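Here are my notes for you, point by point. Keep the model open while you read.

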Amino acid sequence: MYREFGIVGIFTNLVERTIKVEFTLDIDPDSASLDSLVLCDKETSRIILADIKVSKKVITMYLQEWPEAGKQYLLRIQSGIRSIVEDVLSESLLKEIVFKSEVLSTVNVLSPSNHEVLNELHFLWEEVSVDGKKENLVSSYLLQIAKENTFYNVVRETEVVEKQEIRITDIDEGQYYLRVRAQKNGKYGRWSKVISFLVRQAEDKTSSYEEQLKIISAPVNGETPPSFVFQFDEEIDTDIMPSIVVKRRLI
């Protein structure tokens, strides 16, 4: 019996990062593209890119970035999608999409503060339940650091188990963005508020005075005296000279 061409249902999977649109008839793969299925952030209207595959009656969108649990998205299914027997979807549809998760708690980043300048990367956060209680509700967190606040190119991704802090090394100087989310049994909650921070190496205050230094007392017969007397060509700023290292050379 022939069935009218239309949509049976739309299904989201947060862990697989997918949206599946099921139709009543098998789909012509050539009619399914990013022009015919458009996903965007409802709040900002930013388009979310995806890879599209067709398997019989189902079009699957594999999102190129992680969706946020509980966040509202809009999926526009354009007219023009065809079945393999040339039936055409006659009207465009606009559907609200939400990726659900069993992890309802959120994460607040405690350190660093927004726009803080760091030379030591120590990150600290807390998990907050839906009723506002602050406690460790799950045992795993995912921390991401990127060079831009859209997190298209993540430079560091780390899973933190059974603690709410981590120290990280080997990140170059520059501006970065941080976010953290809670995870449990293959499910995960919403990302924390994005925190911007600047990495700057600690200043090296050690100065060299080798060319200016004249030794006006010296060891006798190779013995090491209890002290040395030095004379410089110019006055020395002792605030920026915490110490002098004397290297003994053979002459």
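1. Start with K53: its charged end sits over the ring of Y62, 5.6 Å from the ring's centre. To count, NZ of Lys or CZ of Arg must be within 6 Å of the ring centre and within 35 degrees of the ring normal. R181 does this too, with its charged end over the ring of W66 and 5.0 Å from the centre.

2. A word on what you're looking at: this is a predicted model, where local features need pLDDT of at least 70, side-chain atom pairs count only at pLDDT 80 or more, and totals for chains, interfaces and linings use all residues. Residues are numbered from 1 along each chain as its sequence is written, and side-chain values use heavy atoms, with hydrogens and water left out.

3. Now for the rings. How many aromatic pairs does the structure hold? There are six, counting rings of Phe, Tyr and Trp (its six-membered ring) with centres within 6.5 Å; planes under 30 degrees apart are stacked, over 60 edge-to-face, and the rest tilted. W66 and Y188 make an edge-to-face pair, because their ring centres are 5.5 Å apart and their planes stand at 90°. Since W66 is in the loop between β6 (58–63) and β7 (72–77) and Y188 is in strand β16 (residues 187–188), the pair ties together parts 122 residues apart in sequence. (Strands are DSSP runs of E, at least two residues, numbered from the N terminus.)

4. Is Y188 buried or exposed? Its relative accessibility is 4%, so Y188 counts as buried, while W66, at 25%, counts as partly exposed. Buried means under 20% relative accessible area, exposed over 50%, and partly exposed in between (1.4 Å probe, protein chains only).

Definitions and conventions:
Helices (H or I, at least four residues) and strands (E, at least two) are DSSP runs, numbered from the N terminus.
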